[in-house]
Amino acid sequence: MVLNNVIGLAKGAKAFKVPTILTTVLEERGGYLVKGLQDVFPEQKPIDRTFINTWEDSRVVDAVKKTDRKKLIIAALWTEICLAMPAIQAAGEGFEVYVVTDASGGVSAEAHDMAIRRMQLAGVTPITWMAVISEWQRDWAREASVDALASVVGDHGGGSSVAYAWEMQLLAGRSGKGL
């Protein structure tokens, strides 16, 4: 489920042209990026880091600062480590940080939950991947991005894709467009 959700989030980011930074950990030792995620951004070479806390790698921070954005949306393999550490540090440095809880996973349900609580105490906002892409869309009248959103939700939305298909049918009836 985490892989499905992180790939859905990545496809949404690409569809809405959201700057995305990928990282790996010690790639030469097998710390490769998941193929499905790399396939969304085939042109991007992930930053290969050694730091456990991504925010301690100046290349990552510099890449974030080059986007000239103050809102960060972060997902990571281990909630209690790879997500919590950079999220808390970035929030402490003035960034508005959102962590995508269902596109990240802990070593246990308790570890995941405790990390989310810890981040909330530091001012970080938890959110789900479907909420993120829905906020990017914001309005069904923004028809230029509806097809891309429909594709992402159809491929990765699980049970929500059934409800979404129904909504799209209603919108298609008005605009003459179909799925």
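**Basis.** I worked from a predicted model, in which local features need pLDDT of at least 70, side-chain atom pairs count only at pLDDT 80 or more, and totals for chains, interfaces and linings use all residues. Residues are numbered from 1 along each chain as its sequence is written, and side-chain values use heavy atoms, with hydrogens and water left out.

**Helix α1.** I took helices as DSSP runs of H or I with at least four residues, and strands as runs of E with at least two, numbered from the N terminus. I found α1 at residues 2-15. I then listed its buried residues (under 20% relative accessible area, 1.4 Å probe, protein chains only): Asn5, Val6, Ile7, Gly8, Leu9, Ala10, Gly12 and Ala13. Just after α1, I noted that Lys17 has a positive phi of about 55 degrees.

**α1 and α6.** How do α1 and α6 lie relative to each other? I fitted axes as lines to C-alpha atoms over the stretch in contact, with angles from 0 to 180 degrees between N-to-C directions. The axes come within 9 Å and cross at roughly 10 degrees. The two helices are therefore roughly parallel, a term for angles under 35 degrees. For the contact (heavy atoms within 4.5 Å), I recorded Asn5, Gly8, Leu9, Gly12 and Ala13 of α1 with Trp129, Val132, Ile133 and Trp136 of α6.

**The sheet.** I saw three strands in an open sheet, ordered β3-β4-β5 with parallel pairing; strands pair if DSSP finds at least two bridges between them. The edge strands are β3 (71-74) and β5 (125-127). I noted that β4 and β5 share three bridges, and that Tyr98 stands opposite Thr125 in β5.

Definitions and conventions:
The expected span of a helix is 1.5 Å times one less than its number of residues. Buried means under 20% relative accessible area, exposed over 50%, partly exposed in between (1.4 Å probe, protein chains only). Angles under 35 degrees count as roughly parallel, over 145 as roughly antiparallel, 65 to 115 as roughly perpendicular and the rest as oblique.
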